Amino acid sequence: MPRIPYLEKEQTAPEVREVFDKMEARGARVLNLYKMLANSPAAFSSFVRLGNSLLQKAKLEARLRELAILRIAKLCGSEYEWAQHMPFARDVGVTEQQMKDVGDWQYSAAYDNRDKAILQYVDEVAKNVQVKDSTFNQLKKYLDNTSIVELTLSIGFWGMVARVLVPLQVEVEKELPTSSKELLGRGK
């Protein structure tokens, strides 16, 4: 049970209601996460814009972003984040074995050296904020500067999302999405 009530569209501030209307118009779901965040109209629109930018406009390869998000979900114990991003991960080529092994990625043969460089970076940023030079140098073998910045933004953003979902006990929707298109709507 959520610790703070979800707000339905008719209960929200006008600026939040406008975003809910846009989501519905493009066929996207208004998720419990958004209904929770609607309690803060001041942050709501910026939160949605940043998330959408990282999901739909970033140069960072989507598969790498989703590996990072799934790892963050595991590290933070965010069942909601995991459930919502599994369709994205599948859509962009993360395998079932990789999803299964993301908790102990260091010991898995399911990941190549690039994946392991990404996941090591995710772990250090998410757990320590500080990143070892050796980790960063390994990452630079695989990503350009733009993708490194976007990966770092993604780690911070979805880490923040987990820090909203978990303490406020946002519930996973009863009907889970089967694809990223179902979550984002036809505007994807």
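**A short tour of a predicted model**

Let me start with Asp115: leaving aside neighbours within four places in sequence, Asp115 is in contact with Arg63, Leu64, Leu67 and Gln98. Contact here means heavy atoms within 4.5 Å. Before I go on, a word on what we are looking at. This is a predicted model, where local features need pLDDT of at least 70 and side-chain atom pairs count only at pLDDT 80 or more, while totals for chains, interfaces and linings use all residues. Residues are numbered from 1 along each chain as its sequence is written, and side-chain values use heavy atoms, with hydrogens and water left out.

Back to Asp115, then. Asp115 sits in helix H7, residues 113–128. When I say helix, I mean a DSSP run of H or I with at least four residues, and helices are numbered from the N terminus. Is Asp115 buried or exposed? Asp115 counts as buried because its relative accessibility is 1%. The cut-offs are these: buried is under 20% relative accessible area, exposed is over 50%, and partly exposed is in between, with a 1.4 Å probe and protein chains only. The side chain of Asp115 also makes a polar contact of 2.7 Å with the side chain of Arg63. A polar contact is a pair of N or O atoms within 3.5 Å; within protein, one must be able to donate a hydrogen and the other to accept it, and residues adjacent in sequence count only if both atoms are side-chain atoms.

Next, please look at the loop between H7 and H8, where you will find Val129. With a relative accessibility of 67%, Val129 counts as exposed. Its phi is near 70°, a positive value in a residue other than glycine. As background, most residues other than glycine have a negative phi.

On to helix H8, residues 133–140, which holds Thr135. Thr135 has a relative accessible area of 7%, so it is buried. Which residues does Thr135 touch, not counting those up to four places away in sequence? They are Gln120, Tyr121 and Glu124.

Now for helix H9. H9 has 21 residues and reaches 30 Å from its first C-alpha to its last, close to the 30 Å expected at 1.5 Å a residue. That expected span is 1.5 Å times one less than the number of residues. At the start of H9, a side-chain oxygen of Asp144 comes to within 3.3 Å of the backbone nitrogen of Thr146.

Gln169 is in the loop between H9 and H10, and has a positive phi of about 55° although it is not a glycine. Gln169 is partly exposed, at 33% relative accessibility.

Val172 is in this loop too, between H9 (145–165) and H10 (180–184). Val172 is partly exposed, with a relative accessible area of 31%. Not counting residues up to four places away in sequence, Val172 touches Asn32, Glu79, Tyr80 and Ala83. Val172 and Leu31 are 141 residues apart along the chain, yet their C-alpha atoms are separated by 8.9 Å.

Glu175 is also found in the loop between H9 and H10, and counts as exposed because its relative accessibility is 58%. Leaving aside neighbours within four places in sequence, Glu175 is in contact with Arg29 and Glu182.

Let me finish with empty space. Rolling a probe the size of a water molecule over the atoms shows where empty space is left. On a 1 Å grid over the protein atoms alone, a cavity is a set of points where a 1.4 Å probe fits but cannot get out, and a pocket is an open set with protein on both sides within 12 Å along at least five of seven lines; lining residues have an atom within 4 Å of a point. Grid points are joined across faces, edges and corners, and a volume is the space filled by probe spheres set on the points.

How many cavities of 30 Å³ or more are there? The count comes to one. The largest cavity holds about 300 Å³ of space. Its lining has 23 residues, and Leu31, Leu33, Tyr34, Leu55 and His85 lie nearest the centre. Helix H2 (32–37), H3, helix H5 (79–91), H9 and H10 each supply at least two lining residues of this cavity.

The largest pocket holds about 270 Å³. Its lining has 13 residues, with Val19, Lys22, Val48, Arg49 and Asn52 nearest the centre. H3 gives the most to that lining, with six residues.
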